[in-house]
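Me: I've got a model open and want to talk through its ring pairs and a helix packing. Can you take my questions one by one?

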Amino acid sequence: MDAEGAVRLYLLALEDPAKMRDEAKIKKLQASVDAAKDPIDKLKAIGELERAQAVDISTFRADFIRVARSWAEANGVSAAAFQALGVPAEDLRAAGLIGGGRSRARGTSSAPRKGRVTIEDIKGRTPSGTFTVKQLEEASGGSPGTVRKAIADMLASGSLKDLGADPNHASRGKAPTLYQRA
């Protein structure tokens, strides 16, 4: 399966796991349960039917984690965009789309190490979609102060837009400000 297909299937599975069920197979297995005369055959058929009805998205998740970073970079899709579609932060970290995730090779990281991140590093890791200060911190590995300074510089130069408070903020506390490249 190609990378885009893996991303699509994972997003569909997150949206509604029931969409991932093979209804034709379930119908066939239900017919096998109904037709079984021997109790052991019926028991095995019921087990097979239960497995087909239960949707385990772990395979979709693993495929997503394997390809998401390269697919997102190739298509200009930010971690914030994935989050808007309900992708959990832990999956984004595991895919290397936000800081603190797995690395591609032992001893390397998807973001520069804290303490060594410059304003220019942060500007270079600015997502293409909407993002918050915290998301840019995670993506760049920069400290809150350095990230805020980079944002201020980009706002002053006109390369970044302040979109105001996140209208989808649902948790406690003040809604974070959203930014987007101009």
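Reply: Buried means under 20% relative accessible area, exposed over 50%, and partly exposed in between, with a 1.4 Å probe and protein chains only. This is a predicted model, where local features need pLDDT of at least 70, side-chain atom pairs count only at pLDDT 80 or more, and totals for chains, interfaces and linings use all residues. Residues are numbered from 1 along each chain as its sequence is written, and side-chain values use heavy atoms, with hydrogens and water left out.

Me: Is F82 buried or exposed?
Reply: F82 has a relative accessibility of 3%. With the cut-off for buried at under 20%, F82 counts as buried.

Me: What kind of aromatic pair do F64 and F82 form?
Reply: Rings of Phe, Tyr and Trp (its six-membered ring) pair if their centres lie within 6.5 Å; planes under 30 degrees apart are stacked, over 60 edge-to-face, the rest tilted. Here the centres are 5.4 Å apart and the planes at 80°, so F64 and F82 are edge-to-face.

Me: How are α8 and α9 oriented to each other?
Reply: Axes are lines fitted to C-alpha atoms, for helices over the stretch in contact, and angles run from 0 to 180 degrees between N-to-C directions. For α8 and α9 the angle is about 110°. Under 35 degrees is roughly parallel, over 145 roughly antiparallel, 65 to 115 roughly perpendicular and the rest oblique. That makes α8 and α9 roughly perpendicular.

Terms used: Helix = DSSP H or I, 4+ residues; strand = E, 2+ residues; numbered from the N terminus.
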